[in-house]
Amino acid sequence: MTSPLRGHRAFRRFWAGQAVSQFGDRVSELALPLIAVGALDASTAQVAGLTAALWAPNLAAVFLGAWVDGRPDQRRLLVLADLVRAAALATLPVAALFGAVTLGQLYAVAVVTGAAGVLFGNAYAPFFARLVPRSAYLAANSRLSGTRSAAQLAGPALGGALVQALTAPVAVLADAVSFLFSALLVGGVRTDRPPTDQPDGADGADGADGAVLRRAREGLGFVLRHPYLRASLGCCTTVNFFTFLGYGLTVLFAGRELGLSAGRIGLAFGIGATGGLLGALGAPALSRRIGAGRTIVLGAVLFPAPIALLTVAGGPVWARTGVLAAAEFLSGLGVMLFDVPLNAVQAAVVPDRLRSRVFGAFATVNYGVRPLGALLGGLLGTVLGLRPALLVAALGGSLAVLWLLPSPVPRVRTPESLVPLDLPLPSGGRRDGAVRAAL
């Protein structure tokens with residue numbers, strides 16, 4: 001069967017830009033907590049706070065998404081976000097040259113890069129819909145997710161080697177350079193379709209600030225009233241809260257409780273990432289076989305449950321490394337079976353004119369709970385210990401599937417069978433022609 005993306009040069013350029021930055025990100029994901037733990041002797045709560053700082057800007061995503069909806073060219077915003085992240089990360093190796101890296105600087109870099117990531121995500125939603133035809137949503141998400149998994153496969157091992165050879169602050173420079181490459185590649189992408197018309201009321205009498213607030217309210221209201229988005233938001237929010245409860249503790253647990261070096265942690269993460277690669281490549285085929293909705297349900301359980309495996313790790317160093325790798329493998333497989341079809345479904349059911357504000361509302365709730373989960377993880381890890389905290393993360397995350405079961409999501413066969421459900425907006429905004437979503 002011919003790929004729907006065959007000959008799509010613009011997508012390939014965008015895909016290449018994302019691939020470069022994804023590999024750089026894997027280095028920083030390992031290096032930043034290692035700077036905190038190794039160079040600054042950070043406590044459990046301080047490491048959890050670093051994770052929280054990275055994700056806290058998502059609490060403002062609903063407003064940023066509403067603002068992005070009124071911008072005529074989201075491509076420029078994608079480039080700006082990449083450049084800001086490159087500049088922020090570059091401050092760490094510069095400070096390291098003078099022996100001046102501090103925990104406060106780590107928090108600041110986390111907040112700035114997190115905020116730029118929110119901007120990128122909000123601009124990405126409408127840009128992706130113009131770049132890729134509807135028939136290729138699943139294939140495009142599979143390729144992008146597959147690249148992310150490939151980066152998770154090789155990136156941590158590379159990151160561990162760079163950290164040991166160059167020190168963690170200098171290793172972060174690789175991520176800064178990757179964002180510069182991404183900005184260069186994305187900046188040259190041209191879409192076949194023009195940008196979506198400016199949302200109604202963008203220049204209304206309520207002024208720019210009033211228009212942003214109105215669109216933000218519309219985006220959140222649309223998500224909460226939409227049967228597909230409401231259920232997927234509940235599931236994503238719950239699973240993110242509990243997995244991030246354990247996320248900030250995983251490197252800490254591997255280093256302090258399991259006694260693994262940075263190189264072994266990176267190797268385990270790299271081996272485990274083969275599960276994500278397998279899931280990303282196999283999600284379209286599995287979705288065609290059992291249905292996209294059932295694949296989402298399977299991934300919703302398989303993603304958080306393997307965190308519990310870490311609590312039984314013990315024995316010789318190879319066994320401890322193997323358990324960490326196995327947990328990462330199963331979790332990576334699950335998250336891709338969850339993400340790839342769910343992203344395609346969401347892209348299919350949201351009207352073009354609402355994409356950024358809907359993404360922003362979704363991200364505010366979904367990603368906004370991540371710092372809360374990370375902070376609670378730090379508290380539970382301090383009070384109860386790391387192993388009980390990881391068990392709570394696995395059990396609570398697995399229960400997130402209960403949001404999906406009574407919804408129409410499990411009955412979705414293919415994303416292409418869906419049409420946008422354009423609900424009346426609370427502020428009385430106009431409606432497009434499509435008024436229902438096919439199962």
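The model is a predicted one, and its chain contains 15 helices and zero strands. Of the 439 residues in the chain, 57% are buried, while the accessible surface comes to about 17200 Å², with 67% of that area belonging to carbon and sulfur atoms. When contacts between residues at least 6 apart in sequence are considered, 86% of them join residues that are at least 24 apart.

One example of how helices meet in this chain is the pair formed by helix α11, which covers residues 292-302, and helix α12, which covers residues 317-349. The two pack at an angle of about 145°, and their axes lie 7 Å apart; the crossing in which α11 passes α12 is left-handed. On the α11 side, the contact is made by A292, T295, I296, L298, G299, A300 and L302. On the α12 side, the residues that take part are L330, S331, L333, G334, L337, F338, P341, L342 and V345.

The next step concerns charge. Side chains of opposite charge can pair when their charged atoms come close. In this model the count comes to one salt bridge, which D82 forms with R85, the closest N and O atoms of the pair being 2.9 Å apart. Both residues belong to helix α4, which spans residues 74-97, and because they are three residues apart in that helix, D82 and R85 are separated by about one helical turn. Are these two partners buried or exposed? D82 has a relative accessible area of 0% and is therefore buried, and R85, with a relative accessible area of 11%, counts as buried too, since the cut-off for that class is under 20%.

The class follows from the limits used, because partly exposed residues fall between the buried ones, under 20%, and the exposed ones, over 50%.

Notes
Residues numbered from 1 in each chain as written. Predicted model: local features only at pLDDT ≥ 70, side-chain atom pairs only at ≥ 80, totals over all residues. Heavy atoms only, no water. Axes fitted to C-alpha atoms, helices over the stretch in contact; angles between N-to-C directions. Helix = DSSP H or I, 4+ residues; strand = E, 2+ residues; numbered from the N terminus. Left-handed = near helix turned anticlockwise from the far one by under 90°. Contact = heavy atoms within 4.5 Å. Buried < 20%, exposed > 50% of the residue type's maximum accessible area, 1.4 Å probe, protein only. Areas by Shrake-Rupley, 256 points an atom, 1.4 Å probe, with all protein chains shown as cover. Salt bridge = Lys/Arg side-chain N within 4 Å of Asp/Glu carboxyl O.
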